[in-house]
Amino acid sequence: MQQDTLGHGEYEFGALAGLEKPPRPPQLTVGPEQQPAQSILTDCGMKSSLQARSPLKHKQPPARLLALSPGTTTTPKKQWENATWLVTEFVLVGFSNLPNLRTTLFTLFFLVYLVTLSGNVTIITIISVDQTLHTPMYCFLAVLSLSETCYTLVTIPNMLAHLLTESQAISIAGCRAQMFFFLGLGCSHCFLLTLMGYDRYVAICSPLRYLVIMRPTVCLCLGALVFCGGFSVALIETSMIFSSAFCSSNRVEHFFCDIAPVLKLSCAESAGKALAIFFLSVLVVLVSFVLILLSYALIVAAIVTIPSAAGRRKAFSTCAAHLTVVIVHFGCASIIYLRPESGANPDQDRLVAVFYTVVTPLLNPVVYTLRNKEVRVALRRTLARSRGVFK
């Protein structure tokens, strides 16, 4: 009796591919008096031995293997690569741990933001309109108010939007842009306050040469140098932070993209980057502050030689507003950035960050309008002129 046995190629391929094993087909004995082998296999729903061994079968990998392939498994938020979750989107934690206070915080921050914008716009308008304030000191003050306005636009609107919505997400590109402008404007503030201190030094210590030293072309060049230096530092720090991918977590323990919370999420070893950024921050903050202290030391030395008490009071009054802003600005910057590990206590850092992103910009127009007599007089003169126009 002639016998023929079905091959096992199909069963072996299924086992190697990781698919569910099909039942092993029974061995069929075919005699000359029975139907042909091809007909019997067709009736059993099986393929012939020749078709099972065809080299064209299973040319493409099974669908289950494609789904399990590490290079093709993706999610909307993260990407799998080399057994590591690569972050493609950050989540700003912000004030999510205070769900019952979100409406209250939104109202409070929104009102402070409106007052800050109104105050800075008022200062810029008064200095632009009143001819008596067209001096280097007040031009620098107008630039500082404009810079403060842009500084608040970088962080506060986004924070207010996250307080109202459930989504706390921000793209990596958006986070990089926010950090760049935040650091650029922050460093520019340090340099600009230093320049304003130098301006006060020249005005008090060399009053006869003041208009020659601080002529318009020199002021314009110094102002451009201030912002070029600030944004150059920001470009270096931002490039260092975003030079490697982010993994393991996408939660930024802050309400905006600051240095320390974002750097913690880097896949690469971040100790060297953190140290380099720390020394760069020390260079910006401490050098600026030391130069301001040097300017005021020379100013005090010049003021004590003034014979009249009225002259000494007037000289000190021109420096009081600037000195107040300097102490607050550099105090907050030192608390946050002059520490090797800034994110040791995220809640405490968020509290300090609220102060220097929300309260400090408000302090600038308040101090310079309440403590500066010339600005107050110019404001009253501008309001009187406005009432005369509308009558």
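1. The cysteine 175–cysteine 257 link is left-handed, with -130° about the S-S bond. Its two sulfur atoms sit 2.1 Å apart, and the pair counts as a disulfide (two cysteine sulfur atoms within 2.5 Å). The bond connects distant parts of the chain, 82 residues apart. Cysteine 175 belongs to helix H7 (residues 172–205). Cysteine 257 is in the loop between strand E5 (251–252) and helix H10 (259–263). Helices (H or I, at least four residues) and strands (E, at least two) are DSSP runs, numbered from the N terminus.

2. A word on the basis. This is a predicted model, in which local features need pLDDT of at least 70 and side-chain atom pairs count only at pLDDT 80 or more, while totals for chains, interfaces and linings use all residues. Residues are numbered from 1 along each chain as its sequence is written, and side-chain values use heavy atoms, with hydrogens and water left out.

3. Cysteine 247 and cysteine 267 form a disulfide, with an S to S distance of 2.3 Å. Cysteine 247 lies in the loop between helix H9 (216–241) and E5, and cysteine 267 in the loop between H10 and helix H11 (271–303), so the bond ties together parts 20 residues apart in sequence. Cysteine 247 is buried, at 11% relative accessible area. Cysteine 267 is partly exposed, at 35%.

4. The count is 2 disulfides. With the bonded cysteines numbered in sequence order, the pairing reads 1-3, 2-4.

5. Cysteine 187 is buried, with 10% relative accessibility.

6. Cysteine 219 is buried, with a relative accessible area of 13%.

7. Asparagine 250 is in the loop between H9 and E5. This residue is buried, at 14% relative accessible area. A polar atom of the asparagine 250 side chain lies 3.4 Å from the backbone oxygen of glutamate 89.

How values were computed:
Buried means under 20% relative accessible area, exposed over 50%, partly exposed in between (1.4 Å probe, protein chains only). A polar contact is a pair of N or O atoms within 3.5 Å; within protein, one must be able to donate a hydrogen and the other to accept it, and residues adjacent in sequence count only if both atoms are side-chain atoms.
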